[in-house]
Amino acid sequence: MPIVEARGLTKVFRRPDKGPGLAGAVRHLFARRFTDKVAVDHVDLSIEAGEAVAYVGPNGAGKSTTVKLLSGILVPTAGDVRIDGLHPQRDRTTVAHRIGVLFGQRTQLWWDLPVSESLAVLRDIYGVDHATYRKRMARFDEVLELGEILPVVGRKLSLGQRMRADLAAALVHGPQVVYLDEPTIGLDLAVKDRVREFFRSIRDEGTTVMLTSHDLADIEGFCRRLVIIDQGRIIFDGDLEAVKDKFARERILHVETAAPVPLETLRTSLPGAKVEAEDTPTRYAVRFDRFAMTAGQAVTTLAGLTELVDFRVDEPSIEDVIRRVYSGELVLG
Amino acid sequence: MRTVRLYLRLLGAHFRSLLEYEADFVILVVATVLMQVVNIVFLAALFAKVPALNGWTFWSVLMMFGAVALAEGVGSLFFDGMWSLAWQINRGELDYFLVRPYPVALQSSSAKIGVNGLSNIVMGIIMIGTGLAHVDIAWTPWRVLLGALLLISSVVIKLSINLATNAVSFWLSSPTPLFAFAMHQVGDLARFPLSIYPIALKAALGAVLPFAFISFFPVAYLLDTGQSRWIGLLTPLVAAYCAVAAAVIFKRGMRRYESAGN
Amino acid sequence: MRSYRALIRATAKAALAYRFSLLLGLGAVLVQLVALLAVWRVILAESTVNGFTWPQMRAYLLVAFAAGTVVSLLGDFRMAFRILDGDVALDLVKPIDYQKARFAEAVGGLWIELILIGVVVGATLALTGGVDTPAAPALALFVTSMLLLVPLKFLIVYVSTLTCFWTQNYMGVQWARLAVVNLLSGALIPLAYLPGWLAAVAQWSPFAGLTSTPALIFLGRVDGRHALQLVAVQLGWVVVLWFGARLVWRAGLRRLTVNGG
């Protein structure tokens with residue numbers, strides 16, 4: 001049985017159409033007009049225990065709203081959510097023990113308490129025993145380096161410190177399912193790396209993770225499954241590698257030779273690849289389909305022709321693929 | 001029991017940061033004591049010239065003022081976070097409350113400690129106590145028990161009205177609890193005997209928003225004064241009704257919660 | 001002068017935007033009016049007390065309400081926050097006098113307060129019966145006293161807001177001010193009801209000018225000479241507080257620079 005299951009999940013936000021100022025407010029009292037905005041539109045999603053899923057989409061696509069629906073924060077306009085077979089509103093407290101949520105844009109730490117105290121309060125809310133809590137904190141500390149920020153008061157944390165503390169806060173109770181909504185937003189690269197390493201560690205422990213991000217570097221090397229949402233609808237749900245295999249087959253081999261080689265020579269020795277000269281006379285770019293030829297084969301062939309000084313293989317990122325999907329250039333599925 | 005223990009834990013967490021600003025703490029306490037002292041001086045000055053107000057003596061009205069002060073004090077000291085509900089809703093702070101295994105209303109109300117409540121509780125107890133010491137009541141164990149029950153019910157009613165009126169913020173989009181605050185001020189009318197008011201106000205304070213059950217009716221029953229003293233006996237029922245109504249309104253409101261940033 | 005007039009106009013235009021905070025502030029004054037009207041109606045139905053009849057007490061309470069409503073649209077909270085944040089330093093670079101600017105803002109909000117007073121007083125009179133208006137000379141003195149009330153009330157709120165230079169707790173200071181003003185101005189109960197010594201203290205304090213003075217003149221409970229004397233006290237306090245506030249302001253600024261804002 002899937003641990004997270006959504007069927008026909010729909011959320012419509014209703015916004016009053018008010019004219020500007022007092023006059024508009026008064027007019028609205030008499031003639032109520034509303035605009036409906038469909039944020040999430042008949043989403044079906046099921047996630048198996050232990051799965052790691054990336055949930056991506058352009059800004060305003062409905063990513064956060066989906067997370068809020070899946071965690072029971074919002075009541076769906078239509079459709080149904082089950083967490084481990086439970087209804088998130090009816091069995092709110094039971095579900096709360098099983099899920100952990102992090103909203104990158106918002107902290108759950110108490111602004112007037114030191115981080116250690118915030119975490120201890122959460123420990124007591126979830127009824128985590130002290131031994132388990134200590135063990136968990138020690139493990140979080142290994143990757144997140146919490147030690148230095150434990151005595152800092154919530155309001156005085158830097159963004160990176162806050163995010164690390166918030167990650168610990170979301171996982172204090174060892175939830176089975178974790179939703180991470182934009183968990184790296186605004187972080188500098190060093191902190192991002194550390195946080196990403198932390199995602200991998202919780203995934204490796206068997207926690208079900210749903211990661212929402214607009215930074216696609218977050219998802220590479222993290223999950224196998226990719227779900228893309230656009231304008232409230234799921235437009236792709238499948239294997240991340242499959243997407244790459246299908247739409248990101250091209251590799252670019254950059255080589256530097258000891259002496260210039262005629263382009264023609266290179267081209268005839270590498271049929272099926274495109275060879276171009278680069279900025280200096282001894283540099284070349286070889287484009288090839290990785291299913292037609294391996295990078296090793298290309299390098300071996302070139303090494304037989306001339307002396308290679310240096311080479312590098314570029315792999316198109318999933319980011320490029322998804323960007324092309326957003327822009328309508330690519331249709332998946 | 002766990003709920004209560006955890007509540008004190010949540011509330012107590014703010015205690016240390018409260019003591020950080022010691023001078024402010026003192027100012028707040030002094031200011032609220034001053035407010036009650038002004039009330040007492042006013043009542044004393046009034047009743048120095050007139051023996052009774054519609055049959056109500058200084059001591060009985062003092063008790064009504066005391067009951068309101070006490071109920072308000074408990075509200076501030078232990079449940080001040082309720083007054084931040086509008087703000088919490090507007091800022092989407094309920095998101096995290098909703099994914100924690102603890103009642104949302106209690107997470108909201110424990111978000112703050114209102115130190116001013118401390119002085120209101122103390123002043124309220126002094127006013128009620130002084131009032132009781134100066135009136136003739138034949139104290140029996142049963143009456144003591146009933147008095148305690150009435151007092152607790154009175155506090156529950158005030159808290160329920162606070163919760164219900166603040167929960168109205170789920171429907172209004174204002175980040176400040178205007179409605180709740182206005183109703184809170186209307187509640188000050190109930191510090192005086194209800195009998196002095198015109199019928200519309202009697203209905204409003206006795207039935208619609210039963211502020212009169214915080215002070216007037218229980219005191220009337222206890223002192224055996226006034227025309228409809230038996231109504232005071234209904235106070236525990238009214239308290240139960242208010243608590244349930246507040247919980248229902250809050251639950252309904254929560255379904256409307258739309259988080260922030262949409 | 002032109003910049004202050006511009007400020008008055010700007011506040012007058014923005015006044016509607018603050019209507020909610022105005023209604024909030026008004027709520028307490030209105031509830032007090034209703035409660036006290038009910039209390040005195042019952043008491044004075046039996047006999048007059050301290051020489052007050054029911055119509056007189058009604059007039060007294062209405063004047064108290066008007067006095068309590070005037071200058072309540074002050075941006076005192078905004079000012080408090082700017083001092084607490086240290087943003088007040090930015091106001092210092094503007095080429096206008098801080099105190100005069102705040103006063104101009106208070107004046108700009110008057111119109112909406114006057115409308116509210118008109119509505120409430122009109123409704124009360126319609127529900128409970130009319131009041132006698134005093135003869136022309138007393139009426140002129142009453143109007144003068146009400147006009148003096150504007151700077152007087154502004155200054156009392158202004159000085160109490162300046163305490164934010166010394167304390168974080170603006171709420172506490174305001175509550176204390178409201179309590180003291182309510183009692184010593186005679187808004188809660190006419191000063192004649194207070195014990196002799198307290199009434200004397202209140203009489204000479206700046207607070208009497210906030211309710212007691214205009215109300216007693218309106219009721220004709222003080223005769224010409226005495227009335228003039230009361231208004232003179234009012235005027236005296238306006239002058240003292242106007243310059244006193246400047247001293248407090250300067251001391252506050254010194255504190256701001258010492259603390260590094």
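Modeller: Let's start with one spot on chain A: A:Gln231 sits in the loop that joins β8 (225-230) to β9 (233-239). Keep in mind that this is a predicted model.

Biologist: Fine. Is A:Gln231 buried or exposed?

Modeller: Exposed, because its relative accessible area is 65%, and the cut-off for exposed is over 50%.

Biologist: And what about its backbone: what is the phi of A:Gln231?

Modeller: First the general idea: most residues other than glycine have a negative phi. A:Gln231 is not a glycine, yet its phi is positive, about 50°. A:His42 is another such case, with a positive phi of about 45°.

Biologist: Where is A:His42 placed?

Modeller: In strand β2 of chain A, residues 34-47. A:His42 counts as exposed, at 55% relative accessibility.

Biologist: Let me move to helices. How do I read a packed pair?

Modeller: You describe two packed helices by the angle between their axes and the distance between those axes. Take α4 (residues 58-79) and α9 (residues 141-167), both of chain B: the angle is about 60° and the axes are 9 Å apart. The two helices are therefore oblique to each other, and the crossing of α4(B) and α9(B) is right-handed.

Biologist: Which residues make that contact?

Modeller: From α4(B) you have B:Ala67, B:Leu70, B:Ala71, B:Glu72, B:Val74, B:Gly75 and B:Phe79, and from α9(B) there are B:Leu151, B:Ser154, B:Val155, B:Lys158 and B:Leu159. By class, the residues of this contact split into 8 nonpolar, 2 polar and 2 charged.

Biologist: At what angle do α4(B) and α12(B) cross?

Modeller: Roughly 140°, and the axes of α4(B) and α12(B) (residues 216-223) come within 9 Å. The crossing of α4(B) and α12(B) is right-handed.

Biologist: Which residues of α4(B) and α12(B) meet?

Modeller: B:Ser60, B:Met63 and B:Met64 on the α4(B) side, with B:Phe216, B:Val219 and B:Leu223 on the α12(B) side. That contact has 5 nonpolar residues, 1 polar and no charged ones.

Biologist: What is A:Tyr179 in contact with, leaving aside neighbours within four places in sequence?

Modeller: Its partners include A:Val4, A:Val67, A:Leu70, A:Ile83, A:Ile99 and A:Met210.

Biologist: Can we look at burial for a whole helix? How many residues of α6(C) are buried?

Modeller: Count the residues under 20% relative accessible area. For α6 of chain C, residues 98-108, that gives 8 of 11, so the helix is mostly covered. The buried ones include C:Tyr98, C:Arg102, C:Glu105 and C:Gly108.

Technical notes: Residues are numbered from 1 along each chain as its sequence is written. Chains are lettered from A and ligands numbered from 1 in the order in which they are written. This is a predicted model: local features need pLDDT of at least 70, side-chain atom pairs count only at pLDDT 80 or more; totals for chains, interfaces and linings use all residues. Side-chain values use heavy atoms; hydrogens and water are left out. Axes are lines fitted to C-alpha atoms, for helices over the stretch in contact, and angles run from 0 to 180 degrees between N-to-C directions. Helices (H or I, at least four residues) and strands (E, at least two) are DSSP runs, numbered from the N terminus. Angles under 35 degrees count as roughly parallel, over 145 as roughly antiparallel, 65 to 115 as roughly perpendicular and the rest as oblique. A crossing is left-handed if the near helix is turned anticlockwise from the far one by less than a right angle, and right-handed if clockwise. Contact means heavy atoms within 4.5 Å. Ala, Val, Leu, Ile, Met, Phe, Trp, Tyr, Cys and Pro count as nonpolar, Asp, Glu, Lys and Arg as charged, and the others, Gly among them, as polar. Buried means under 20% relative accessible area, exposed over 50%, partly exposed in between (1.4 Å probe, protein chains only).
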